[in-house]
Structure formats: C-alpha cells, structure tokens
Amino acid sequence: MKRGTSRDIRTANRYEVLRQIIAASPTSRQELAAATGLSLATVATLVGELLDLHMITEVGFEDSAGGRPRGLVAVNASGGALIGVDIAETYVHVELFDLALNVLARAAENMRPGESRPEQVVGHVAAAAGSVVAQAGVEAARVLGVGVSVPGQVDRATGVSAYAPNWDWHDVPLLDLLSEHIAYPLYLDNPLRAGAVAELWFGAARGHANAVVVNLGTGVGAGLVLGGGLHRGVSNSAGEWGHTTLVLDGRPCRCGNHGCVETYVGAPGIMQNLRELSPHSPLLHPDDQTATIDALAAGIAAQDPDAVGAVRETARYLGAGIANLVNLVNPEVVVLSSWVAARLGEPLLEEVREAVARHALQRPLAASRIVLSPIPTDPACLGAATFALEGALQSVGQRGVRRTAPARVRSRIAPAPDPAHRTARRADTTRPTHPHGPHGPHGPHDEEGSQP
C-alpha cells in the first residue's frame, strides 16, 4: 500500500480538523483531538495554521472541570467563498457558499434536449457562476475555488470527463474548457461522490461509518461511505450501481448494455414505467422528464391510479436494486437523494421500504435504515463545494499553483435565493459517533506518518 507524503498527510489532517470545526462550531482543541484521533499537539498546530489562513477564528473560552478554561474556535464564515456546480442531464445548478457552507446565492440554467455538447454545457456553467458571484457581491479574491460535479466517470487528476453515457461524452477536457471562462481554481468529480460527501458532512450519513447514498435523477448511481470515508475505487469509478444488471435482456441502456438499474428507476425509466402502465396517461409528458415527475408527484397526492401504479412499479425495481446494496455493503443507512427522490418523496420511500423488505436478507436489513435526504439545498452543489475547499487546503503553501484563465463570464440575472432553502447550520452539533472521520478505518495520521 502506497503511503502518503508528509504533505499529503498534513493536508488531509488540516481538512479533517476544518471539517470538524465547520460541523461543530464552536469547539475546543481538546474536543477536536478527541473527534479526529489526532494528538493534541498536532491539532494545536493545524488550528494555528487555519487561524493564520483566516478560515477560523478564536471565539472565547469554556470552563473545564477543575482545569484551565479551554479556548474555543469557530469557522470564520466570511473568510472565503466556495462555488459548487451540479451539472445534470437536464439542468445546471450553481450555488455560492460561505466557509460555513451556508448558501449565499444560487442560479439555475435549464438544458433542453440536444443541448449537451461540451461547449453548450460550459456556457451554462459560466453564466450561472457569474450570476451567483454578482448576486452575492463577493469579491473575486474571496472565492477559493469551484467544485464541479458532472455525471459519469471522471478523472479528478486531469479534470477530464472520461465517459458520460447519457451524453456520449468520451475524454472531454471539461476543466480546461471551463478555465477559458472561469478564473477560479477548478476541481472535478461526479454527483455520486458529491452527494455522499454532502450527506456525510451535513445529512443523513453524518455520524455513520457505512452508508449508501442513492442518486435518483436522469441518471442513477450510489455514493458509498465505507469505514467512515468516501469510497472511490481504484479509478474513481466506484458506485456505478445504475449500470448493474437488474433485468436480463431488459431495456436497452445508453451505456450499451441491457436491463441496467437506471433504465427502470431513472427519470426516463419511470416515464417508461408509466407509459407501459397507461400509454395515454395525461400525466405523461413525452419530451419533459421534469414535468412528468412533477405530474406523478401531484397525481400521488390526489391518489390518481396511474400515478400510484407507476410509482409502485418503480419502487418494485428500486427496492430490488437497493436490497442488493443492503446485502452487499451492509450499511447503517441508505439515503435516497437528488431531484427525483425529492419530488416523489414519502410515497416513493414507503413503497421502496416495503420492496426492500421483500428482497434483502434479514440480518443486514435489520441494521439499515432507508431515508430521504434531509439536505434542503442541492446535495451535489454542497458536496462539490467541499471538493473546492479540499483543493484550497491542498494549495496552501504550494508555489506556482496553476490558476485558470481570466474570467470571461456572461452575466445573467437569476432569481433571488429563497431564504427558506438556505443551508443553515444544524442546531445539532453532536460529534459523529464514528471516531475515524473521513479518512477510512485507520483515521487521520500525525504528520510523521504514524497513527496517534
């Protein structure tokens, strides 16, 4: 097993300490040492670095039982800004966050069928990114980076979208294309990883060592949290559950195979379920996924038989697929995330729970909960913003960090952000119960490379 360099270890530890501070401000160095497993001396050093970077601030003292008062630190929300980008098959969502991961502004660009050429997607991202910066009035120097989530398989190191089956993209140099329009450092990953990190930091996976985050949109996949950390696989390709076979010789999938999970439970698959149940249903909008899913949600509320039947059939397939994940991964929690899950909500969840119970083994099923994502904003945007934060911490102390080209961002006015959907900090500041944090079962390491 390849060992990380001392710089890698220090960056990972700095990131983990900041993550804990964001999750539980205010907090003490002693509490940070207990939560991360790092030595108190290492934590003190890392806290000093984060103070120097103005990412955190001293906020007073708390009494300790019979000892000296403990100094408290908290995230400095105004110490920088982060942009998270969620590129999906039918839209681009962009959100601007402060360092406490509160939403400052958001913008959306719809992508119509046929608007999936890389240069078109890049144009939508650039427009939305310009809009959120303008809305919030944030100075360019405060923006630490832009995390970009794009469907399919990605190469994080090169910024390349290696394969996006729904668009038939192959080896698209996405970050290079974006750098022609966006002046901030750019970091690429996909929505499976972004959604999993969002749930791990702020959502239903918080405090859990093993979780599965099921992304239900046009595309389908599963973000995996194993041993307390994000599981990427050897080529950053883990979680492509949507392209596992559910029905032998079933529906054709855009990946080239047949019977994939995605073809039965992704938005186009749900439309097909409705079409097979009721070919002339008024709920079906043949060229509009969003309108069809919205109509199904309204139909369920009204107990429309077509809507009830289509969602039940979808849950039958989805439940079988999730039962496979429960049996294979043995997670503490399975989270249904992304826009389809959010729109269909509790009715879908109830049907899925019943279907999973019919297929999963009893022992792993008894240890798992299946829930909807509680995150009130776009989970992929939130997770992507954490990738930008991680990248910013990696660049600390490095000389000659590559910046992107000067901004040539088209400005569009987007609707003002709805305060009801702000990602406010949770009142619950309980530490994650798993002691190892996001770096796997061995936890963070002191800079010397040994475990504390």
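1. Strand β7 and strand β11 (residues 186–189) run parallel and are joined by four bridges. Strands here are DSSP runs of E with at least two residues, helices are runs of H or I with at least four, and both are numbered from the N terminus. Two strands pair if DSSP finds at least two bridges between them. In this pairing, Val-146 stands opposite Leu-186 in β11.

2. This is a predicted model, in which local features need pLDDT of at least 70 and side-chain atom pairs count only at pLDDT 80 or more, while totals for chains, interfaces and linings use all residues. Residues are numbered from 1 along each chain as its sequence is written, and side-chain values use heavy atoms, with hydrogens and water left out.

3. β7 also pairs with strand β4 (residues 81–87), in the parallel sense, over six bridges. Here Ile-83 is the residue opposite Val-146 of β7. Of the seven residues of β7 (residues 143–149), six are buried, so the strand is largely enclosed by the rest of the structure. Buried means under 20% relative accessible area, exposed means over 50%, and partly exposed lies in between (1.4 Å probe, protein chains only).

4. Side chains of opposite charge can pair when their charged atoms come close. The whole structure holds 15 salt bridges, a salt bridge being a side-chain nitrogen of Lys or Arg within 4 Å of a carboxyl oxygen of Asp or Glu. One of them joins Arg-193 and Asp-189 at 3.3 Å, N to O; both residues are buried.

5. Asp-294 and Arg-343 form another salt bridge, with the closest N and O atoms 2.7 Å apart. The pair links distant parts of the chain, 49 residues apart: Asp-294 lies in helix α9 (residues 289–301) and Arg-343 in helix α11 (residues 338–359). Asp-294 is partly exposed at 35% relative accessible area, and Arg-343 is partly exposed at 36%. Elsewhere, salt bridges with shared partners join Arg-156, Asp-189, Arg-193, Arg-232 and Glu-390 into one network.

6. How do helices α1 and α6 cross? The axes of α1 (residues 6–23) and α6 (residues 191–202) come within 10 Å and cross at roughly 55°. Axes are lines fitted to C-alpha atoms over the stretch in contact, and angles run from 0 to 180 degrees between N-to-C directions. The two helices are therefore oblique to each other; angles under 35 degrees count as roughly parallel, over 145 as roughly antiparallel, 65 to 115 as roughly perpendicular and the rest as oblique. Tyr-15, Arg-19 and Ile-22 of α1 meet Leu-200, Trp-201 and Phe-202 of α6, contact meaning heavy atoms within 4.5 Å.
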